[in-house]
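Here are my notes on the two-chain model you sent over. Have the structure open while you read, and take the points in order.

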Amino acid sequence: MVMAPLLDVQNIGISFGGLKAVDGLSLSLGQGQLHGLIGPNGAGKTTCFNLLTGVYCADTGSITLGGQDLLGLKPFQITAAGMARTFQNIRLFPHLSVLDNVKVACHLRTKQTLAGAILRSRFVKDEEREIEQRCLNMLRRFDLVDRAHVAAGSLPYGDQRRLEIARALATQPKVLLLDEPAAGMNPREKIALKDLIRGVLSDFGVAVLLIEHDMGVVMGLCEHITVLDHGTVIATGSPGEIQSNEKVIEAYLGTAAEG
Amino acid sequence: MTDSARENISSPLGGEGREGGGSGDSQSIAPQTPPPTPSPKRRGATGLDYATPLESKVPLPRWAAPLIVVAIALLLQFTVRPLTGEYVERIVLDSGIAVILAVSLNIVNGYTGQFSIGHAAFFAIGGYTAAAITYYTSLLLWNDVSTAHFFTKTVIWLFATVIGGIVAAGAGWLVGLPSLRLKGDYLAIVTLGFGEIVRVLLQQTNGQLYSRDEVHAATLGQLIPPPIGGALGFINIPKVTLLFWAVLFAGLTLIVAWRLKRSTFGRSMIAIRENEIAAESMGVNVTRLKVWAFVIGAFFAGVAGSLAAHEMGQILTPGDAGFSKSFDVVIMVVLGGLGSISGATLAAILITVAGEWLRGPTHIWYVFVPLLILRLIFWPDKRAKAAIVWGIAIAAVEGIRSLALYEQIDLGEYRMIIFALVLILTMILRPGGLFGTTEVTDVLSMRRRLQEAQW
């Protein structure tokens, strides 16, 4: 590889008491790449996301994004550095309107000051208008614009998932972490989601790290896949390699019974 | 371009007024304006929290709101007393102070969702600080609190009010710090404890000095802790608070709260209330905004304290920092609806007026008939039912009051019980408070939208 990877994770690990939730995980992600992170339940995938986004602080290893060391930064600082995420169990701002949900994500790129906001200066007005325009465009891109003034909590499930992605993208990330975006979707929605993620990749120029249980989605989308089990990486490679990897099959299905 | 695009999306009525193309900003519409999106039908648009309400058609300049506030304050100053007398003026003034307290607590409780029940502590800190400044300045300059020209006293008082607000804000910052670590009940207990600490500290202060000579002769032991009355309370504070100032500061508080809510800071504060983890993941500096909410809320509580301290016939006592005062403000915010400025304002006025009304001579109709009218304007759908329910409620309450008057029972004594009952009823009937999380403007625009959807 000629170019240094955008996101470089080396050997990170964390343990809770005696349990090593993630141990020695490394992965790297280049510009525009779509990387899958799979593994059985409890393998440490979401813990890995929490480590990357600063919810937990890794005990060992290093995380760099575009050359910037992220280890030990707070979640909002990591988001400012260019890493945004969605949540496995949706975490929207339910009583805020769909539009305001996206607007909140613009907060860290705003330049207005508290005093300016209270005096309602011209700059603040202009910036608010610009944010609104940008967020409406984002919602338009995600087919949510006609729901812009509805409370986010009242959206149907699939729309909430899409809104989470739109909101994450509004922080203008370089790397987007999607935590089981296809969970609870029907087959048709899953196909739409695959198209959406591909579109996001090309339109927004982000790299995507995807946790997903649905093999159809993962195998159809990702060029690279990392398989986790019990907090350690048991395999990496292309979808084809992963599918034929014995360790992976063992982790998912168990070993063949004797006799 | 941005304007028209926004209107097309944000308001179903947006298209109509603009068809002519004669409006001022139509020249700026570039040819590549995106085609107007068809106005969507909105059904069941309940439970909304418009941190960003619809923009008004005619954007007012930013000094318009403060100017209107000044105009209203002047109007009330010169009309209320001549038309209705001193007693009503006093109630309006107290309502103004209550509005400041409720709206400022709403920034902490309602926006960021930090349950603070020590708001009265900031009120007392601001009040005591300002009173100490005005009282001792007057004493040193004129050896008396009432000889100076009213204008001079007011200037000193304004300065003292700002200082009082700043000191209270500093205290708010101090209390905001533990809020970085605590949530929910635990934070509530810390704020409660803070209020009690302030109350006890105020009790331990030195006795007041009553003349210039006493001040000059005072030993260090008399000055530290400050001579602000101790458990007996701080008396003889200059009387400078006019209705004008109460209304003016209430209006300013409302403007600040409103603009904050519509800025990226207010939105982010509300996002913290809604889901703290998500807010932080979206790049919101949660700790900083939480502390800011405390600081802003405490500042205005301090200003309210200064207004109250310099009111006619007021003395400051350590009890002003106590729990029961804090609880009054919490009731206002919860009754109005967490996060709703309109709700907090309405509830603050209601509770102040109700407290007076329970004491006797005012008539309930003054309060409830305008309320009923408001109710009918905002929720016309249940017109008949609402009228009946409210009619019965008014008759029942008025009946109880007449009975109490006849039996010579002072219902004012029972106000905490009555407010608690009102609160329980609110929990049952309107769990989100009178306004939920919405504002008056939202209700109006929602109604417009619903009508649009129906046609």
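1. A term to settle before the interface: a polar contact is a pair of N or O atoms within 3.5 Å; within protein, one must be able to donate a hydrogen and the other to accept it, and residues adjacent in sequence count only if both atoms are side-chain atoms. On that basis, 9 residue pairs are in polar contact between chain B and chain A, both residues being at pLDDT 80 or more.

2. Some ground rules. This is a predicted model, where local features need pLDDT of at least 70, side-chain atom pairs count only at pLDDT 80 or more, and totals for chains, interfaces and linings use all residues. Residues are numbered from 1 along each chain as its sequence is written, chains are lettered from A and ligands numbered from 1 in the order in which they are written, and side-chain values use heavy atoms, with hydrogens and water left out.

3. Now the interface itself. Chain B puts 47 residues into the contact and chain A puts in 44, contact meaning heavy atoms within 4.5 Å. About 4200 Å² is buried between the two chains, with carbon and sulfur atoms giving 62% of that; this is the accessible area (1.4 Å probe) that the two parts lose on being put together, summed over both.

4. Which salt bridge crosses between the chains? Look for Glu128(A) with Arg267(B), whose closest N and O atoms are 3.0 Å apart. Over all chains the count is 17.

5. Within chain B, Glu311(B) and Arg90(B) form a salt bridge at 2.4 Å, N to O. The two are 221 residues apart: Glu311(B) is in the loop between α12 (286-309) and α13 (323-336), while Arg90(B) is in helix α3 (residues 86-111). Helices here are DSSP runs (H or I, at least four residues) and strands likewise (E, at least two), numbered from the N terminus. Glu311(B) is buried at 2% relative accessibility, whereas Arg90(B) is partly exposed at 29%. Buried means under 20% relative accessible area, exposed over 50%, and partly exposed in between (1.4 Å probe, protein chains only).

6. Glu439(B) sits in the loop between α17 (415-429) and α18 (440-454) and Lys261(B) in helix α9 (residues 243-261), so the pair ties together parts 178 residues apart in sequence.

7. Another one to check is Lys290(B) with Glu276(B), where the closest N and O atoms are 3.4 Å apart. Lys290(B) is buried at 5% relative accessibility, and Glu276(B) is partly exposed at 21%. Salt bridges also link Arg81(B), Glu86(B) and Glu89(B) in a network.

8. Finally, chain A has an open sheet of 4 strands in the order β2-β1-β4-β5, with antiparallel pairing. Strands β2 (19-29) and β5 (68-69) stand at the edges with a single partner each, so one side of each has no neighbour in the sheet. Strand β4 (residues 60-65) and β5(A) pair over 2 bridges; two strands pair if DSSP finds at least two bridges between them. Thr64(A) stands opposite Asp69(A) in β5(A).

Methods
A salt bridge is a side-chain nitrogen of Lys or Arg within 4 Å of a carboxyl oxygen of Asp or Glu.
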